[in-house]
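Visitor: Could you take me on a close look at the sheet, and at the side-chain contacts that its strands take part in?

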Amino acid sequence: SYVSPMLGEETFAVSNNKVILISAVIAIVYCILKLFRLILSSSVNKNTALLKIKVFNYEFTLTGLIDSGSFLKDPMDLNPVIIIKEGILKRNIKEFEFYSITDKENPLSKRIRIIPIKNISGNKILYGFKPDFLEISVGKSRVLTNSTIAIDTEGDTYNDCEAIVPLSAIT
């Protein structure tokens, strides 16, 4: 509105429809490729760790999802807490197959830890125990840790992993 009175009464009508259409197609293709890259990289690039656990005479390995947002601590010794699904423990430790952790017949009941947690669904209590041996492998590095294992009774897996490993257990 400011420039046109200075230039005179002429009207400027530029017809670059083909150039505008080509640039719009290039922008759309670029956005689609960027979206596919984000989707594929997030599914391939999840941070996992390999946990090697020994309890009594049972030794087993499982994969754990590294969670930098998990700040769960054992109230007794303030060590990080690794959450494992109950089904995994039942498959690998025979005592869990017959007894719950709170049952007096279960030898792990002498090692019981009560861990209060607060999540989206509210407050609840998880039962846990200290394993005899716990090694976490991330890539080529291995860390022996003194973490507590908590038992989660809800759901199947954590994004195709059997455990949630807090970042503080590795560092």
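Guide: Here is a walk through the sheet, strand by strand, with the contacts that go with it.

First, some ground rules. This is a predicted model, in which local features need pLDDT of at least 70 and side-chain atom pairs count only at pLDDT 80 or more, while totals for chains, interfaces and linings use all residues. Residues are numbered from 1 along each chain as its sequence is written, and side-chain values use heavy atoms, with hydrogens and water left out.

Let's begin with the layout. Nine strands make an open sheet with mixed pairing, in the order E4-E5-E8-E3-E9-E2-E1-E6-E7. Strands here are DSSP runs of E with at least two residues, helices are runs of H or I with at least four, and both are numbered from the N terminus. Two strands pair if DSSP finds at least two bridges between them. Strand E4 (113-119) and strand E7 (141-144) stand at the edges with a single partner strand each, so one side of each has no neighbour in the sheet. On average, neighbouring strands are turned by 35° against each other, direction ignored; the axes behind that angle are lines fitted to C-alpha atoms, and angles can run from 0 to 180 degrees between N-to-C directions.

Glu135 stands opposite Leu144 in E7, and Val138 stands opposite Ser141 in E7. The hairpin of E6 and E7 has two residues between the strands, and Gly139 takes a positive phi near 65° there.

The structure holds one aromatic pair. The ring centres of Phe96 and Phe129 are 6.0 Å apart and the planes are at 40°, so this pair is tilted. For reference, rings of Phe, Tyr and Trp (its six-membered ring) pair if their centres lie within 6.5 Å; planes under 30 degrees apart count as stacked, over 60 as edge-to-face and the rest as tilted. Phe96 sits in helix H4 (residues 94-98) and Phe129 in strand E5 (residues 122-129), so the pair ties together parts 33 residues apart in sequence. Both Phe96 and Phe129 are buried, Phe129 with 0% relative accessibility. Buried means under 20% relative accessible area, exposed over 50%, and partly exposed in between (1.4 Å probe, protein chains only). The C-alpha atoms of Phe129 and Thr148 are separated by 5.9 Å, although these residues are 19 apart along the chain.

Charged contacts come next. The whole structure has eight salt bridges, each being a side-chain nitrogen of Lys or Arg within 4 Å of a carboxyl oxygen of Asp or Glu. One of them joins Asp74 and Arg113, with the closest N and O atoms 2.7 Å apart. Asp74 lies in the loop between strand E2 (58-67) and strand E3 (81-85) and Arg113 in strand E4, so the pair ties together parts 39 residues apart in sequence. Asp74 counts as buried at 0% relative accessibility, and Arg113 counts as buried at 15%. Asp74 and Arg113 also belong to a network of salt bridges with Asp77 and Lys130.

Another salt bridge joins Lys85 and Asp152 (2.9 Å, N to O).
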